Amino acid sequence: MSDIRGLMIHSRLDYVENLPEKKHYQQVLRHLSEGVRQNIGEQVFLTNLYPFHLLKEVDIAIGKILNAPLESIFRDIGKRSASLIMEQYFFNYVQAQNPQGFLSQIEKLYPYLCNLGQYYYQKSDQQSARLKFIYDEDIHKPYCWFIQTFLQTGIEICGGQNVTLIEIQCEADDGESCMYEVSWNK
């Protein structure tokens with residue numbers, strides 16, 4: 001079993017906690033098994049490692065409680081997470097308006113942000129790149145939507161406009177990895 005950083009679990013709980021309907025947060029917590037509630041306890045520590053299955057269970061609970069399409073929910077979570085994380089971890093690339101720097105830096109920070117599998121970055125040209133994630137865990141589609149939107153939003157925050165992310169293959173859909181072609185205008 002693989003572990004994931006608490007930052008990923010926190011991104012979900014933070015999203016639900018900040019929804020206008022305050023009851024959703026408690027409803028999501030009630031939908032979690034006792035073991036998961038005990039594991040995340042009163043607080044999720046961002047840098048701690050947690051079993052990946054905890055994140056999956058939190059994602060499933062969110063999907064059951066919120067009355068919206070799953071893809072929309074997890075893309076919203078990815079967007080919110082990028083908005084919160086970019087200034088903290090990628091400040092230099094935000095200030096320099098440097099999407100390539102952001103994508104490259106993820107390769108160094110990925111173990112500290114996610115810790116799930118491996119991330120590979122390959123610059124294609126000044127305004128495009130190929131990104132690849134290889135997971136050692138059965139990935140679920142909401143996680144992929146979260147990552148895709150996190151990447152797109154991060155590129156936008158770093159100055160990329162009209163960002164296009166094309167999914168070449170996805171592990172959640174029986175692919176060997178999650179691979180994306182991403183491009184933008186300056």
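The model is predicted, so local features need pLDDT of at least 70, side-chain atom pairs count only at pLDDT 80 or more, and totals for chains, interfaces and linings use all residues. Residues are numbered from 1 along each chain as its sequence is written, and side-chain values use heavy atoms, with hydrogens and water left out.

## The chain as a whole

The chain has eight helices and six strands. Helices (H or I, at least four residues) and strands (E, at least two) are DSSP runs, numbered from the N terminus. Read from the N terminus, the order of elements is β-α-α-α-β-α-α-α-α-β-β-α-β-β. The radius of gyration is 16 Å, close to the 16 Å that the globule rule gives for 186 residues, so the chain is as compact as a globular protein of that length. That radius is taken over C-alpha atoms, and the globule rule is 2.2 Å times the number of residues to the power 0.38. Along the principal axes, the C-alpha atoms fill a box of roughly 50 × 35 × 30 Å.

Of the 186 residues, 49% are buried. Buried means under 20% relative accessible area, exposed means over 50%, and partly exposed lies in between (1.4 Å probe, protein chains only). A contact means heavy atoms within 4.5 Å. Among contacts in the chain with a separation of 6 or more, 66% come from residues 24 or more positions apart.

## The sheet and its helices

Four strands form an open sheet in the order β3-β4-β6-β5, with antiparallel pairing. Two strands pair if DSSP finds at least two bridges between them. The edge strands, β3 (118–125) and β5 (161–169), each pair on one side only. On average, neighbouring strands of this sheet are turned by 20 degrees against each other, direction ignored. Axes here are lines fitted to C-alpha atoms, for helices over the stretch in contact, and angles run from 0 to 180 degrees between N-to-C directions.

Strand β5 is joined by six bridges to β6 (residues 178–185), and the two run antiparallel. Leu-165 stands opposite Val-182 in β6. Two helices pack on the sheet. Helix α7 (residues 99–113) touches β3, β4 (128–134) and β6, and its direction makes about 160 degrees with that of β3. Helix α8 (residues 141–157) touches β4, β5 and β6, and its direction makes about 150 degrees with that of β5.

## Aromatic rings

The whole structure holds eleven aromatic pairs. Rings of Phe, Tyr and Trp (its six-membered ring) pair if their centres lie within 6.5 Å; planes under 30 degrees apart count as stacked, over 60 as edge-to-face and the rest as tilted. Two of the pairs are set out below.

| Pair | Type | Centre to centre | Angle between planes |
|---|---|---|---|
| Phe-102 and Phe-150 | tilted | 6.3 Å | 50 degrees |
| Phe-133 and Tyr-180 | edge-to-face | 6.1 Å | 65 degrees |

Phe-102 in helix α7 and Phe-150 in helix α8 are 48 residues apart, and their pair links distant parts of the chain. Both Phe-102 and Phe-150 are buried. The other pair also links distant parts of the chain, with Phe-133 in strand β4 and Tyr-180 in strand β6, 47 residues apart. Phe-133 counts as buried because its relative accessibility is 1%, and Tyr-180 counts as buried at 0%.

Leaving aside neighbours within four places in sequence, the contacts of Tyr-180 include Phe-133, Cys-144, Leu-151 and Leu-165. Tyr-180 and Thr-164 are 16 residues apart in sequence and 9.8 Å apart in space, C-alpha to C-alpha.

Ring pairs link a cluster whose members include Phe-102, Phe-133, Phe-146, Phe-150 and Tyr-180. The charged end of Arg-12 sits over the ring of Phe-146, 4.2 Å from its centre. Such a placement requires NZ of Lys or CZ of Arg within 6 Å of the ring centre and within 35 degrees of the ring normal.

## Single residues

Asp-14 lies in helix α1 (residues 6–17). Asp-14 is buried, with a relative accessible area of 13%. Not counting residues up to four places away in sequence, Asp-14 touches Arg-80 and Leu-84.

Asn-162, in strand β5, has a phi near 50 degrees, a positive value in a residue other than glycine. Asn-162 counts as exposed at 60% relative accessibility. Asp-174 lies in the loop between β5 and β6, and its phi, near 70 degrees, is likewise a positive value in a residue other than glycine. Asp-174 counts as exposed at 75% relative accessibility.
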